[in-house]
Amino acid sequence: MPTGNRSDIDRLAKLLDTQFKLPGTNFRFGLDGIIGLIPGIGDTVSGGLGLYIIHRARQEGASGGLIAKMIWNLLVDTVLGAIPLVGDLFDFAHKANAKNARLLQEYLDRHASEHAKPVGRSTA
């Protein structure tokens with residue numbers, strides 16, 4: 001059931017993908033890249049955290065197609081991030097959680113505008 005409050009999704013996506021800024025650059029990164037540096041379990045842990053965003057998307061009424069796209073984004077991030085060295089660089093660049101939060105927001109905005117009641121003038 002939609003809650004109408006998605007601030008937790010945005011906060012988690014920011015924490016995982018864009019919370020920190022590399023000084024002197026515009027490059028942003030989050031805990032996903034940092035946790036992913038832990039050999040063996042880092043990408044599993046960050047993938048598990050990313051599942052919360054998908055769970056909340058379901059609660060907010062996201063379509064099956066959108067959920068599938070979000071799962072794919074997270075799966076790519078988790079699997080490719082597990083590759084030693086190259087995967088660590090990938091984790092810092094590929095921001096699946098921010099992408100999933102944005103996809104959900106766009107979907108819900110579109111859905112809301114499609115179901116909004118038109119405001120018309122009365123003909124009295």
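How many residues does helix α4 have, and how far does helix α4 reach from its first C-alpha to its last? Select residues 64-81: helix α4 has 18 residues and reaches 25 Å between those two atoms, close to the 26 Å expected at 1.5 Å a residue. The expected span is 1.5 Å times one less than the number of residues, and helices are DSSP runs (H or I, at least four residues), as strands are (E, at least two), numbered from the N terminus.

The model is predicted: local features need pLDDT of at least 70, side-chain atom pairs count only at pLDDT 80 or more, and totals for chains, interfaces and linings use all residues. Residues are numbered from 1 along each chain as its sequence is written, and side-chain values use heavy atoms, with hydrogens and water left out.

Within α4, next colour the buried residues (under 20% relative accessible area; exposed is over 50%, partly exposed in between; 1.4 Å probe, protein chains only). They are Leu66, Ile67, Met70, Asn73, Leu74, Val76, Asp77 and Gly81.

Rings of Phe, Tyr and Trp (its six-membered ring) pair if their centres lie within 6.5 Å; planes under 30 degrees apart count as stacked, over 60 as edge-to-face and the rest as tilted. This rule gives 3 aromatic pairs. Phe27 and Phe29 are stacked because their ring centres lie 6.3 Å apart with planes at 20°. Phe27 is partly exposed, at 34% relative accessible area, while Phe29 counts as buried at 16%.

Finally, show Phe29 with Phe92: their ring centres are 5.7 Å apart and their planes at 70°, so this pair is edge-to-face. Phe29 lies in strand β2 (residues 28-29) and Phe92 in helix α5 (residues 86-93), so the pair ties together parts 63 residues apart in sequence. Both Phe29 and Phe92 are buried.
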